[in-house]
Amino acid sequence: MSYYGANFIKYINKYHILKHLPALEMLEFKEWWEPLNTVERMGLNIVFDNVKTLIYDAFSNDLDKKKTVYAKNTPKYSINIAIKQQYDVCISLTIDTRKINNSAEFMAFEKMTNKKIQQLFDCIIKEIFIFSNFNMFNVEEDLETYSVPIIEKDKIVSINSGIRNVKEKPLCIAYKFK
């Protein structure tokens, strides 16, 4: 991250040199992991990795059509990734508060408010589309993150966060080395 390492960024992206690091173990996510125990942190890392993998897979396929892919479904939690357009992606979490959580992956959510979970998804989206690629593929000024108001109805909670390119240019997350 200095003048001397500037040319190394393309290799970091091409060869995914930092991919082995769990996202929520990075200092940028310290706010999120400090109040959690090891199992809860690892669970959030798994959720983050599932979301990231599904988004990468969706973007590596034909994006001419509207796509919806599902990450993890448990009786209480369901994550939905919606590729609305090439320039608009939304992560939705549905929580059935009548159910008991039986998955270690979602234990940390039990400690968070709905608003805090939404803020975490906002950070995950920024990490995937902006920071993990050192701002090389999407112009940060052209990107807008958004959060839809949290809906609570009949003990079902819907939390939505997304990112879009305001100039309607396709979002890019895969590095093509030239």
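1. A two-residue hairpin takes strand β2 into strand β3. The strands, residues 77–85 for β2 and 88–96 for β3, run antiparallel and are joined by eight bridges; two strands count as paired if DSSP finds at least two bridges between them. Within this pair, asparagine 80 sits opposite serine 92 of β3. Strand β2 is mostly covered, with seven of its nine residues buried. Here buried means under 20% relative accessible area, exposed means over 50%, and partly exposed is in between (1.4 Å probe, protein chains only).

2. A word on what we are looking at. This is a predicted model, in which local features need pLDDT of at least 70 and side-chain atom pairs count only at pLDDT 80 or more, while totals for chains, interfaces and linings use all residues. Residues are numbered from 1 along each chain as its sequence is written, and side-chain values use heavy atoms, with hydrogens and water left out.

3. Now the overall layout. The chain has four helices and five strands, in the order α-α-α-β-β-β-α-β-β along the sequence. Helices (H or I, at least four residues) and strands (E, at least two) are DSSP runs, numbered from the N terminus. Of the 178 residues, 40% count as buried. Among contacts with a separation of 6 or more, 62% are between residues 24 or more positions apart; a contact means heavy atoms within 4.5 Å.

4. Next, the helix pair. The axes of α3 (residues 38–60) and α4 (residues 114–129) come within 11 Å and cross at roughly 50°. Axes are lines fitted to C-alpha atoms, for helices over the stretch in contact, and angles run from 0 to 180 degrees between N-to-C directions. That makes α3 and α4 oblique to each other, the label for whatever is left once angles under 35 degrees (roughly parallel), over 145 (roughly antiparallel) and 65 to 115 (roughly perpendicular) are taken out.

5. What kinds of residue make up the contact of α3 with α4? Ten are nonpolar, two are charged and none is polar. For the record, Ala, Val, Leu, Ile, Met, Phe, Trp, Tyr, Cys and Pro count as nonpolar, Asp, Glu, Lys and Arg as charged, and the others, Gly among them, as polar. On the α3 side the list includes Leu44, Phe48 and Phe59, and on the α4 side it includes Leu120, Ile124 and Phe129.

6. Leaving out residues up to four places away in sequence, phenylalanine 59 touches Ile83, Gln86, Val89, Phe129, Leu171 and Ile173. Phenylalanine 59 and glutamine 86 are 27 residues apart in sequence but 8.2 Å apart in space, C-alpha to C-alpha.

7. On to the other antiparallel pair: β4 (residues 143–153) and β5 pair over nine bridges, with isoleucine 151 partnered by serine 158 in β5. Their hairpin has two residues between the strands, and aspartate 154 there has a positive phi near 50°. Lysine 155, in the loop between β4 and β5, also has a positive phi, near 65°, and is exposed at 55% relative accessibility.

8. Last, asparagine 165 and what follows. Asparagine 165 lies in β5 (residues 156–165) and is buried, with a relative accessible area of 4%. Among its contacts are Tyr87 and Leu171, not counting residues up to four places away in sequence. In the segment after β5 comes glutamate 168, a non-glycine with a positive phi of about 60°; glutamate 168 is exposed at 52%.
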